[in-house]
Amino acid sequence: MKLTTKAVLLVGALALAACTNAGRFDNADSVNLNDQPGSGAGGAPGFDDPSSPAYFQQAIGDRVLFAVDQHTLSAEARATLDAQANWLAQNPDYSAVIEGHADEQGTREYNLALGGRRANAVYEYLISKGVSASRLKFVTYGKERPIEICSEEACYAKNRRAVTVIAGSVTS
Amino acid sequence: MHIGHYISGAGHVGLIGWLLLGPLFNSEPLPFEVTNVSMVTEEEYAALVAAEQSPNATDTAAQPPAPDVTEEAPPPAPREETPPPETAQPAETVPAPAPEDAPEPAEDAPPVVAQPEDTPPPAPAPPGQEDVAVILPETSARPQPRPAPRVAPEPVAPSEPDVQVDEQVQPEITPDESATEETPQDPQEATAPEEAATEIVTEAEEPSGAPERSMRPRVRPRAPAPPLATETAETPEPSEDTNPTASAVEDALAEALGGGTEPSAAPSGPPLSAGEKDALRVAVQGCWVVDVGSPSASVTVVVAMQMEQSGKVTPGSLRMVSSEGGDATAARVAFEAARRAILRCQKDGYNLPIDKYDQWQEIEMTFNPERMRIR
Amino acid sequence: MMERVKTFFAAMVAALGLIFAAVGAASAAPLRIEITEGVIEPVPFAVPGFVAESTGAEEWGARLAQVVADDLTGTGLFRQIPASAFISRPTSFAAPVQYADWKAINAQALIMGAVAVADNGRLTVKFRIYDVFSGQELGKGLQFQGTTDGWRRMAHKVADAVYSRITGETGYFDSRVVFVSETGPKDDRKKRLAIMDYDGANVQYLTDSQSIVLAPRFSPTGDRVLYTSYATGFPRIHVLDVGSAQSRILESQSGTMSFAPRFAPDGRTVVFSLTQGSNTDIYSMDIGSGGAQRLTNTPGIETAPSYSPDGSRVVFESDRSGSQQLYVMPAGGGEATRISFGQGRYATPVWSPRGDLIAFTKQTKGRFHIGVMRTDGSEERLLTASFLDEGPTWAPNGRVIMFTRETQGASGQASLYSVDVSGRNLKRVRTPGGASDPSWGPLQ
């Protein structure tokens, strides 16, 4: 089963790679890691380019969310990660850093460990989907980098996340 | 009392002598330990602090230090410190105090702020009244302790804003009321006891008002040895001690013959009633400041003192009889707190019945903070 | 036989009676009173401005007395009597103390000081402490010397001595706190390491705000600080020399993240958390050789380790039972004993310098508390409650706990608070801006 999946992905990736634009490195070498979804999306260069990090971030979806104090991946999260794995397979020159985060309802040290668990869950899932471990790193930010700042569940839900940040090309 | 006079007299003679002869001597430095702040290390400072806490340090200077200064060599400078020139500087020489500065024995000095003569003595609390746990059950519904900077056996509502804080409730004295008095009395503002809660209320607690523990049964004041007749054993004890009907000598005799274990006392007056004892206890406890977070809060000290007929403690007679439950430092701190309580609350003398002076001319007070300790 | 015993007793009693009669009332048993209820209130003290003993020393006299008064008042155990109530003012350090004047205003402790400033700019500060109601001096006079730059430290030393003599415990005023200074909104917060006096004076910054820094921890002697920095992009433990503000990465194993460091009492060993994969365990490391030793080995999150003051044990938090709880294990690793069993989650345990208590953060019913318990987990007491309290640190004498309090909502801000171990005297510690993660250093 696993082998089959990998094979399918590999074939698909090769097929897509064959028709990608060779000029994609022109402006993609540096990616602002602090870019947030929606911020300046319209102007993001290469948003329409399916092989651009901006496309990955916004069309594929660069993040998955977690339940309180959990690091298990929901079905929805797995679907997003499947697409991420797919994209990474199609764009083998990119590497990625997975950032794990927690909401503010927890102590600093525990949240660092919890964010690490979440990032690691994504890391291992992507590897299981065929992404080479050498292209991936993960890091925890605990509760240090919230994107939503209210002290309500609506914000907390968005902060309990793991974000796959496309980090330059492996070769460049 | 005599001892006090001797001490006082000796002090005065010494002081006058010193005043006369002092200039003849070379002035020597006060007993200072000199430390260079910028160079002292943690260990040295710890050693310094430890050295200061030698138990006899507090007893050396009942009088202002001047008279015996000339006999004292300055203590050695802190060890191991390379003595820079500054540390060798002699500290301050003592100028001769002016004669009118001659210290009065501290206990006799009249307080400048006069207390109204008729300040009522603290009312003896009804039995059990002073107990926190008695108050709590009544509040099972509403009145909850609010955080207050002061925790006292009895809660006190916040006072009027312009009322000064004082130990006792004092009526406002208007000048013309005191006009007839010989000593002019300062107009006294109305005072009220400081706001207090009956228990420590931390931010983390929302007191339920319900008692979290039941009251420990109070130890009754020891009743006079019960008569041997067995019929009376079942009758409820009166809340106050009744005066013994028989003479004390007869009591002692009966006790001794009956195998009683207290052959000691043959006081000439009747024993203090429970109410009279309570009045004294309540008077002292209002001044007994307990630091519940401190190791001294686990020390029970017994303090003995001689009393003058005025109800005041004979100066210099206060001493620690025993202590239990802490190291020497904690015991010293506990004793000092007890001493402050006794001396501070005596004001013009505790209200004790003069006709029973024999019964209270020597008092032993046990200060047991067990119930105040943080759980 | 019985008759003779009776006669003997009667004779004895008669003899005793005669003796009593002869000695009279003086031999009466003392009146015995037991006091079990007292009051908990600040002890009033008076500290007149220190007497100037050289020209130009007047301003120092007032400033020194003020800092001493602030230190003592800040403990919640003492209350300053305002100078306006004084009946007399000392004009000479050597003049006899007018106890009656101080008794009348109910000052229980009196601190008399003097200050001189020398031509070379050095200050000489001396002081005596008096127990007013017993008319005795408490201990001997003390003298400190130092530069005018260090005048606050000299005042703190005076206050430490006063505190120590009255309470019997060592003081904590001449100590420093390292913390994280915070600026900016919640979603773009800048953090820098900073150090200050315990009372918030003399703030100095130790790092810039280029990368996130977290949870600094003082070494036992206060010369170094361990902290977690993202300077490499990943959380790694750094050690900083306080004197030079130079830092280096302490532990650097690729593919791992390390945080939550703390010094052992020996100052040479460090205990910390290391995340490998999804697992976070506790390790110890010799700071010189870099040799690391794994202390825990469970699939759970083990973090926030703290040594006992004798260095023999480590308390830490673990979710191995399903939720965060506190455990104690030998310093070399081995079987851990769970000590927390109450409702809620327990985190960030810190062993008190006295060794008798463990402070912790507790999360329950949507609130955060700072609490203390005995080292076996008994006698748990919560001292604070708020939207978010965390990260307790002990004053060097084990009497006061400082911690981080963060306010709720989009404009939420972190600041430092302190509370007495009895749960009284909660107050905010003055800092220039936002502040978090305090670590209280030793008495200097």
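**Entry 1: a sheet in chain C**

I began with strand β10 (residues 190–197) of chain C, which is joined to β11(C) by 2 bridges, the two running antiparallel. For the record, helices (H or I, at least four residues) and strands (E, at least two) are DSSP runs, numbered from the N terminus. Two strands pair if DSSP finds at least two bridges between them. I looked up one bridge by name: C:Ala194 has C:Tyr205 of β11(C) as its partner.

Stepping back, I found an open sheet of 4 strands in chain C, in the order β11-β10-β9-β32, with antiparallel pairing. At its edges lie β11 (204–205) and β32 (434–443) of chain C, each pairing on one side only. As a reminder to myself, strands of a sheet pair through backbone hydrogen bonds, either parallel or antiparallel.

**Entry 2: ground rules**

This is a predicted model, so I noted that local features need pLDDT of at least 70 and side-chain atom pairs count only at pLDDT 80 or more, while totals for chains, interfaces and linings use all residues. Residues are numbered from 1 along each chain as its sequence is written, and chains are lettered from A and ligands numbered from 1 in the order in which they are written.

**Entry 3: two helices of chain A**

Next I checked α2 (residues 53–61) and α3 (residues 75–90) of chain A: their axes come within 10 Å and cross at roughly 150°. Axes are lines fitted to C-alpha atoms, for helices over the stretch in contact, and angles run from 0 to 180 degrees between N-to-C directions. That crossing makes α2(A) roughly antiparallel to α3(A), a label for angles over 145 degrees.

Which residues make the contact? I listed A:Phe56, A:Ile60 and A:Gly61 from α2(A), and A:Thr80, A:Ala83, A:Gln84 and A:Trp87 from α3(A). Contact here requires C-beta atoms, placed from the backbone, to lie within 7 Å.

**Entry 4: chain A against chain C**

I then turned to the contact between these chains, which takes 19 residues from chain A and 32 residues from chain C. On the side of chain A, α4 (108–128) and β3 (136–142) each supply at least two residues.

**Entry 5: confidence in chain A**

Last, I looked at pLDDT, the predictor's confidence in each residue, from 0 to 100. Chain A has a mean of 80, and 70% of its residues reach 70 or more. Confidence in chain A is lowest in α1 (residues 2–18), at a mean of 45, and highest in α4(A), at 97. Over residues 7–44 of chain A the pLDDT is below 50. Where pLDDT is low, the predicted coordinates should not be read in detail.

Definitions and conventions:
Angles under 35 degrees count as roughly parallel, over 145 as roughly antiparallel, 65 to 115 as roughly perpendicular and the rest as oblique. Two residues are in contact if their C-beta atoms, placed from the backbone, lie within 7 Å.
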